[in-house]
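Let's take a quick tour of a protein chain. Have a look at the sequence and the 3D view first, then read on.

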Amino acid sequence: MLALKEENGLLWIRAGGRLGDEDYDRFVPQFERIAEREAGTVPMVIELAPDFSGWDLGGLWRDLKFDVRHKDCFGRIAIIGDSKWEEWGTKMSSSLFRAEMKFFRPSQRSHAESWVRTGEDTA
């Protein structure tokens with residue numbers, strides 16, 4: 001499950017379960033509509049639900065294609081999760097993106113939002 005909402009110029013994305021092709025079928029057009037309206041790059045907070053378990057093969061392929069195609073649309077990206085592998089994955093992924101990425105725990109949700117908007121670390 002990939003859910004997307006826009007709030008005051010910030011994209012909130014919630015990922016849960018195992019992501020597949022069909023999740024991207026719904027998500028990509030929504031993202032592209034928002035990215036077309038926003039000047040420059042789109043800041044994002046991605047919340048990984050407790051049941052998030054990664055991607056199936058089709059979902060992983062779609063995610064990689066999405067990332068490459070839209071790499072110039074991304075502003076800062078805050079990842080909110082509660083497991084060590086999610087934190088590790090964020091650190092590994094950050095080297096693949098032009099956008100700044102940072103991992104936050106669920107208790108740091110407001111810090112994540114502040115960092116995405118301003119670049120200042122208030123934690």
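Here is a short briefing, grouped by topic.

You're looking at a predicted model, where local features need pLDDT of at least 70, side-chain atom pairs count only at pLDDT 80 or more, and totals for chains, interfaces and linings use all residues. Residues are numbered from 1 along each chain as its sequence is written, and side-chain values use heavy atoms, with hydrogens and water left out.

**Overall build**

- The protein chain has four helices and seven strands; these are DSSP runs numbered from the N terminus, with helices being H or I of at least four residues and strands being E of at least two.
- Along its principal axes, the C-alpha trace spans about 35 × 35 × 25 Å.

- Of the 123 residues, 43% are buried (buried means under 20% relative accessible area, exposed over 50%, partly exposed in between, with a 1.4 Å probe and protein chains only).
- The chain exposes about 7,000 Å², and carbon and sulfur atoms supply 53% of that; the areas come from the Shrake-Rupley method with a 1.4 Å probe, and for residues only the protein chains shown count as cover.
- Take the contacts between residues at least 6 apart in sequence: 69% of them join residues at least 24 apart (contact means heavy atoms within 4.5 Å).

**Charges**

- There are 18 positive and 22 negative side chains, and the centres of the two sets lie 1 Å apart.
- Lys and Arg count as positive and Asp and Glu as negative, while His and the chain ends are not counted; each charge is placed at NZ of Lys, CZ of Arg, CG of Asp or CD of Glu.

**Aromatic rings**

- Rings of Phe, Tyr and Trp (its six-membered ring) pair if their centres lie within 6.5 Å, and planes under 30 degrees apart count as stacked, over 60 as edge-to-face and the rest as tilted.
- By this rule, the count is eight aromatic pairs.
- Phe52 and Trp55 make an edge-to-face pair, 5.5 Å centre to centre with 90° between the planes.
- Phe52 is buried because its relative accessibility is 7%, whereas Trp55, at 31%, is partly exposed.
- Tyr24, Phe27, Phe31, Phe66 and Phe74 form one aromatic cluster.

- Tyr24 sits in helix α1 (residues 21-37) and is buried, with a relative accessible area of 2%.
- Tyr24 and Asp63 are 39 residues apart in sequence, yet their C-alpha atoms are 7.6 Å apart.
- Lys102 belongs to strand β7 (residues 101-104) and is partly exposed, at 24% relative accessibility.
- Lys102 and Glu87 are 15 residues apart in sequence and 8.6 Å apart in space, C-alpha to C-alpha.
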